[in-house]
Amino acid sequence: MNGWRGASPTARLLLVAVLLTGLTTFMFLPLLAIELTAQGIPAGRTGFLVGLLAFSSQAFSLLSGLLVDRLGPRRVMAAGFLLRIAGYVLLGLGGAGRPAPLVAGIVAVGVGGSMLGLSTKTLLVSQEGSDPRTMLALRSTFVNIGVVVGPALGALVYPLGFRYILAACVLSHLVLGIGLVSGRTAAAVPGRTAAKPTGPGTGPGTAPDAAGGGPGDVTRRTLLRHWAPLAALGVAYWAIYSQLNVLLPIAANELTGSTAAISVVFTANGLLVVLFQYTLLSRVLRRATARTLLALGFLAFACAYAVLIPLAGWYSLLAFVLPVTLAEMLIGPSLDEQAVNAAALRRTGLALGTMSAAGALGSLLGSSLGGQLLQASRGGSRAWVLLVGCSLAAAAICLLLPKVRTRHA
C-alpha cells in the first residue's frame, strides 16, 4: 500500500494498534454471549449484558470527543487503554455469582473502546503529510482485517478457556498502550486538530473559531448548514446498515434454507473491504469529493436492497453482497471525512464523536424498527422496497452538503 509506505512512524504505529486491538476485540466479542450462557447466566440477562457493552461504547462517544479536544488525544488514549485492561481483568473475575465485577468490566471495556477509537482516529486524520481520506481508508481496512480474522482466532483459542482470550486482550492492550503513550512517536504528533475545506476564503487565516465574532458568525451558519444534513446521513447510514444484523440474517435463511447463508455474506463482505477499500478511495476515486462518495454509497445501498425484492434465493443474496459492500466502503470513511471538514478549529474530536453518536442513534432506530418491519412484511418484499426508498432519500440529502475537498491546514 502506497499509503502505508508514505505514512509517518506515528501513523504506522497507530494503524498497527488498530489492527491488534481489532483482532483481540473480535476474538472476544462473538464469544461473550456464549461464555456468559455457559456460566449459567440466563439468556435474558446475557442479552442485556451484551447490549450494555455496545451501549457503553456508543453512548460515551460524544463525551469522548469532548475529552479528546480538551485533554488531547494522547491522554484520552492512555485512559482508554487503562479502562480496557481493567475491564478485561474484571470480566475474568466476574461470573454468575459475581455480577458486580462483570457489569463493571463490560462498561469499562465499552467506554475504553470509545475513548481508544476516537483518540486514534483523531490522531490519524491529524497526521502531517497525509490526507484524512487515506488515513481513514487505511484504518477501515485494518479494522476489517480484525473483523475477518479475529473470530477465527477466537474459535481456535476458546477451547483452552475464555480467560486465555481475555489474557490476550490484556497483553496486547498493555504492550500497545506503553508503546503509543510513552513512545517518542506518540509524543511527536502535532497539535493540529482539523482538516479544513479548501476554496476561496477558507485558509488557516480566514477560518476563525465559531465562538468569535465577525467571520466566526459566518462560520457558525456554515457549520449548521453542513452539520444538519451530515448528522441526518449518519443516522440514516447506521439505520440502513443495521439491517444486516436484523433483517438480513432471517431473510437469508428464508431465501436459501441455510443458516450458514448469512456467514457467507459477512465473510465475503469483510474480504472485499480488506482487499479493495483502500485502493478504491485513495486511487480510483481519489479526486471525488466526499459528498459524491456519500451519494454513490447510498445509491449502492438502494441497488443492494433492490436485488432482494425478487426473492430469488441464493441469486438475490449473492447479488446483494457487492453493492452493499460498496456502500459500506464509500459511506463509512466519507462520513468521517465530512465531519473533519465541518469541524470548527480544535474540535475534531467532538466532530468525530458526534458522528459516532449519530451512528448510535441510527443503530438503535434501525434495530427497533427493523424487527417491526419484518413482522409487518411477513416475508414479502415490502421491507426491501422501503429500504430502497430510504436509501434514495439519503442520496438526495447528500446534495445538501457543501462540495469541498480536504487538505491539511
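Q: How many helices and strands does the secondary structure of the protein comprise?
A: The model under discussion is predicted. Its secondary structure consists of helices together with strands, and the count is 16 helices and two strands.

Q: What percentage of the residues in the protein is buried?
A: The protein has 409 residues. A residue counts as buried when its relative accessible area is under 20%. By that criterion, the buried share is 50%.

Q: What is the accessible surface of the protein, and what percentage of it belongs to carbon and sulfur atoms?
A: The accessible surface amounts to about 17,600 Å². The part of this surface that belongs to carbon and sulfur atoms is 69%.

Q: What percentage of the contacts with a separation of 6 or more joins residues 24 or more positions apart?
A: The contacts considered here are those in the protein with a separation of 6 or more. Among them, residues 24 or more positions apart account for 83%.

Q: Are helices H7 and H12 roughly parallel or roughly antiparallel?
A: Helix H7 spans residues 132–157 and helix H12 spans residues 261–284. Their axes come within 8 Å and cross at roughly 170°. Angles over 145 degrees count as roughly antiparallel, and therefore the relation of H7 to H12 is roughly antiparallel.

Q: How many residues apart are Arg-133 and Glu-337?
A: The side chains of Arg-133 and Glu-337 meet in a salt bridge with an N to O distance of 2.9 Å. Arg-133 belongs to helix H7 and Glu-337 to helix H14, at a separation of 204 residues.

Q: Why does Glu-337 count as buried?
A: A residue counts as buried when its relative accessible area is under 20%. Arg-133, the salt-bridge partner of Glu-337, is buried because its value is 8%. Glu-337 is buried because its relative accessible area is 4%.

Methods:
Residues are numbered from 1 along each chain as its sequence is written. This is a predicted model: local features need pLDDT of at least 70, side-chain atom pairs count only at pLDDT 80 or more; totals for chains, interfaces and linings use all residues. Side-chain values use heavy atoms; hydrogens and water are left out. Axes are lines fitted to C-alpha atoms, for helices over the stretch in contact, and angles run from 0 to 180 degrees between N-to-C directions. Helices (H or I, at least four residues) and strands (E, at least two) are DSSP runs, numbered from the N terminus. Angles under 35 degrees count as roughly parallel, over 145 as roughly antiparallel, 65 to 115 as roughly perpendicular and the rest as oblique. Buried means under 20% relative accessible area, exposed over 50%, partly exposed in between (1.4 Å probe, protein chains only). Contact means heavy atoms within 4.5 Å. Accessible areas come from the Shrake-Rupley method with a 1.4 Å probe; for residues, only the protein chains shown count as cover. A salt bridge is a side-chain nitrogen of Lys or Arg within 4 Å of a carboxyl oxygen of Asp or Glu.
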